[in-house]
Amino acid sequence: MQFMLLFSRQGKLRLQKWYVPLSDKEKKKITRELVQTVLARKPKMCSFLEWRDLKIVYKRYASLYFCCAIEDQDNELITLEIIHRYVELLDKYFGSVCELDIIFNFEKAYFILDEFLLGGEAQETSKKNVLKAIEQADLLQENNNTSCSMGLLLS
Amino acid sequence: MALKIVKGSIDRMFDKNLQDLVRGIRNHKEDEAKYISTCIDEIKQELKQDNIAVKANAVCKLTYLQMLGYDVSWAAFNIVEVMSSSKFTYKRIGYLAASQCFHEGTDVIMLTTNQIRKDLSSPNQYDTGVALTGLSCFVTPDLARDLANDIMTLMSHTKPYIRKKAVLIMYKVFLKYPESLRPAFPRLKEKLEDPDPGVQSAAVNVICELARRNPKNYLSLAPLFFKLMTSSTNNWVLIKIIKLFGALTPLEPRLGKKLIEPLTNLIHSTSAMSLLYECVNTVIAVLISLSSGMPNHSASIQLCVQKLRILIEDSDQNLKYLGLLAMSKILKTHPKSVQSHKDLILQCLDDKDESIRLRALDLLYGMVSKKNLMEIVKKLMLHVDKAEGTTYRDELLTKIIDICSQSNYQYITNFEWYISILVELTRLEGTRHGHLIASQMLDVAIRVKAIRGFAVAQMATLLDNAHLLTGNTQRNGICEVLYAAAWICGEFSEHLEDPMQTLEAMLRPKVATLPGHIQAVYVQNAAKLFATVLQKHEGETDSQAAQETSQLLIDRLPLFVQSANLEVQERASCILQLVKYIQKLQQKNVEVAEEVTALFAGELNPVAPKAQKKVPIPEGLDLDAWINEPPSESESEDEKPKVVFAKEEPKHYRSRHTEVDEKELARRREVRKQEQANNPFYIKASPSSQKVYDAPGVEHIPVVQIDLSVPLKVPGMPMSDQYLKLEEERRQKEKAERKKKEKKKKREKRGKGRKADSGPESEEDITPAHQVDIVTEEMPENALPSDDDDKDPNDPHKALDIDLDKPLADSEKLPVRTHRPEVLKSPAEDRDSKSVPQETKKKSSKEKKEKKKDKEKDRKQIKPTVHWFPVQKSSKHKKKKQKKEKEEKEKKKKKRHHHHHHHGDAGGEDSVQNGTVEEEEPLPPMSNYSLLAENSYIKMVYDIQGNHQDESKVVVSVIFENKSDSFLKSMEFNVLDSLNSKLQRPEGAGPHDGLTVPFQLPPGVSNEARFVFSVQSIVMPQKLKGTLTFIVKSDESSTHEKLDFKLHFTCTSYLITTPCYSDAYAKLLESGDLKGSSLRLEGINMPFHHLLARICFHHHFSVVERIDSCASMYSRSIQGHHVCLLVKTSDQTVSIDAKCDEPSLLGNVLDEIKQTFSKC
């Protein structure tokens, strides 16, 4: 996978993850172009489109579009599966996720994505394992935080 | 509760957290930019504070702003600061920010190398995790080079969580630093059999990605993947493997044959659409690669087509789309199987989803034949009429033209029909493809001579009705076809029925509204028509009419002389003068027609688009050399102003030019022709193509004998449909005739005993309605056959085309961080190393403290020694620990001492001893292959590997390297079997027959062959004598040679690297089934982790746990014996306590370990 974008129906970018090195300018251009193309498609249309020399796989969940770019050889259906998995993970983590969850906790959304995909490849296919890793990392963070606040109090 | 309050107050201390920022942005929708600029100012203030928590909060906000499109590159250094925080909370935010904001151009990335290395080796797996994740996003070639070795070590980490990430990120490292591929590949390969499914799937992912780009280097892994494919149930893994096979089969057709069966089984059994789709795709790829060798896979193709039909018929748009996509792949090799589903595909043209309609169109492109072209195009024309939205309609239009013109108009049997189609397409309003239609009209009219008459008639009608087409005068609009129409009518004016009428149409005042380039063609071709008309009138000695024609031009042309378009103006004024002169001559009753026609004499031949590019540069011609001495700079500057004042001259020149009389013109033309004939660089009609035109018959084989296909004289626009009807009738008629003939022939042929073909109408049977001669485009003589400029030189995967089967050379080791940089360095490295030591110094004191803490934590968590000495009590345990710590400190001091010592006198020694301070010291390169035998012709090295699947077999991989200048062939490998170990020979071979090595060796080439041995007992090492015989073939002679060798089956070679969890390891030791033994090695002065790596590498162990200078290791034999080691080191002495359920095996393994270390 080359990159993943999340954007709202209004075309606002909610999350972006690039697995190929590109300049900021290029990224912005691609984002703008894709958001436009995908939003222009009618609801009954299929989830795939060819774009430049890549294939775009997108899916809409409520008000959010999840959009992935894959290479010519890649499997579109498994990419849809990846998108779906990610949505399920977000759902489990936030408890019936909505767009606002992702806006206000965007770093968490990234952490979950990073536990699920690495370098554009699925690293963990078990939802349970991903959530476990996130929970434990969060726990570590909590511990850190409390010790930090205690430290501040003491000093 | 109390904590919460504390946290709350601290949160308030931060000026604004992320949530506040987001909320603020949402509340300032009107003046967002202004609001954010104040926020950025705040963030800048926050970043200046010392408190890391405040900084992290600021960086987190920046990451959000970066996503909104704001430039945050100025904060790159602050991001690095946050990354370096020891607190996981902040580190996590820092790495996230880095992964979102850093790219190859970010210069602070250089500074992160050490921090990342530290995080990678952190005892906390989540620290390592975030570092790996972040690195995967911003890894640069420098980072990849410096960290490759660290990441490679992590591939054997005890935690599957880390192993899995490390394996995946290796792919990014390979891309950035291709040199790391070969050294890291053996370990990557090992991970394919990792006990953790996640790690295994990661390894499959990486190898599949690598192999897809450069499949030929991964062919040797095919058996392993085949095994994985048949055993795995994880669809994610299966998809990857199947995709990999799709890439491998074109290189190894035998593999394809093997694959068909399991793949078809999967197709039948799986319920996962993604897997089904992948299988179908791969089966198609396999069949494509097999199609030359094995034609009989119609069952599989049928199965695929059936499954795809189900997909296409599904109501899910996604499946429909993919079904069509896959269908188009089958189409390329098995068009017949797809053609039978034409109905389904034509149905898809009615789908409401445009992307599906386009896919269906693509399919149609490949499905046409001579037989069905007209029918399909008719359907498409209907869709053109119905289509909503210009994009789709334009797409249809281009597809129709593509379909018809594909492979040099191969499927068109009736060009009149095609011209009619083109003319009908001109009725589309608002299309952007006027130019495309125009170029088709030109192409057909120029290249198909027989059609010119018809084409000219149609074009004349178009010109007559030009007002219908001029509604849209934008560039590339439909009016472009007038360009073609005017040119065709002018150039082939001899075919015009009423040239006068066309001439009149071309000079209408309305023409002046057309785009300039079209007007120019109008004017030029009006002149051509004028010549034709003159000739006609003079032939009829109707001088009155001729003069009227001249007058018409003189009346109408001034409109064009005033044109704003330079080209139009120039041509018009030129021709106007000419006509005026002609009129003068006409008034004197001079016959001018012949001379006027001579202006446009000669035929224009089509020239291939690439012709100019392909003219070979003649020998001795240097295009870069100056023809004249280059003018000096000052001169050219002087000249420039002059040009400004020289404006009037050209006008003068022009008027003179037009007054030159016809004879002079003709003479000059002759001279020019002569010049051109002598000029080797002028592209002229080659004699061969000239022949085509001169050949008798082309011109005269007009329109067959059948009256029906004579051009339809439909006034106005033609109807292509009528051609369709006619065509059908014609074909039936022909068929009937042919049958008659065949009957006759049969009667004749029966005597000869040959079978006549009387099957259904085949492609070849359809004769074209017109005898057409499609003139090929001209190419210069000696044109180069093809230029391969298609390949992208920037493809990063190109660099990974590396042979992985060759044994590792010493020069290929991964770069390691040496304490003191070597003398020879590239400037880039220099820069790096300068910044690195400073950083380490700064942090070293802090780091030490942290490290100590971490170590203590670590001990509490893992307690490895408990497994080993289960009876010991905790108090003793503690003492021992303290003692060990002391020992360690001492050791460190000593080591440092050593280090200086080495630098003092042994600078030239290998890297193992060169600066061994920290454990992170990277490994020297190692190879498992050891020398088998060698002579002046050939060198053999070998490695023995077992696998868990078969407890009585080991595989000996032998690399044969041809050292001579001759060709080595007919190599035969033979071994004298013992009772215990036998070489596996093919069925039917005798027990003493040798095995043929399945390749030959050209000079200097090496290749690897594998031999399977069966073994009964593995507790003892064994040596087998053997011989390699081969023929040395040089230019003059060939000789038989042989080379004796001894294959040494060590006990180590029966061990297989098997990772073990620490709890399982503890249980194993507690079970008491294992017998102990021990070993002491003196004088080992390599770093501990080198020592462990050597044991892992050479003796197939894996580290279960490691604390400081103590490590527990595990391995398993092919027959399931557990071998456990506890390795401790202190002061150049290494003691190994070992346990195994088979004492003699253990004894031998320990002996072998001892030997390994005595060698170095």
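I worked on a predicted model, in which local features need pLDDT of at least 70 and side-chain atom pairs count only at pLDDT 80 or more, while totals for chains, interfaces and linings use all residues. Residues are numbered from 1 along each chain as written, chains are lettered from A and ligands numbered from 1 in the order written, and side-chain values use heavy atoms, leaving out hydrogens and water.

Interface. I looked up contacts (heavy atoms within 4.5 Å) and found 62 residues of chain B touching 65 residues of chain A. The buried area (accessible area, 1.4 Å probe, lost on putting the two parts together, summed over both) is about 6,000 Å², with 58% from carbon and sulfur atoms. B:Met67, B:Arg92 and B:Trp236 supply 14% of what chain B buries against chain A, more than any other three residues.

Salt bridges. I took these as a side-chain nitrogen of Lys or Arg within 4 Å of a carboxyl oxygen of Asp or Glu. There are seven between chain B and chain A. I looked up B:Lys164, whose side chain meets that of A:Glu124 in a salt bridge at 2.8 Å, N to O.

Sheet. I read strands as DSSP runs of E, at least two residues, numbered from the N terminus, and paired them where DSSP finds at least two bridges. Chain A has an open, antiparallel sheet of five strands in the order 2-1-5-4-3. Its edge strands are strand 2 (13–18) and strand 3 (48–51) of chain A. Strand 3 of chain A pairs with strand 4 (residues 54–61) of chain A over four bridges, and I noted A:Glu50 opposite A:Lys55 in strand 4 of chain A.
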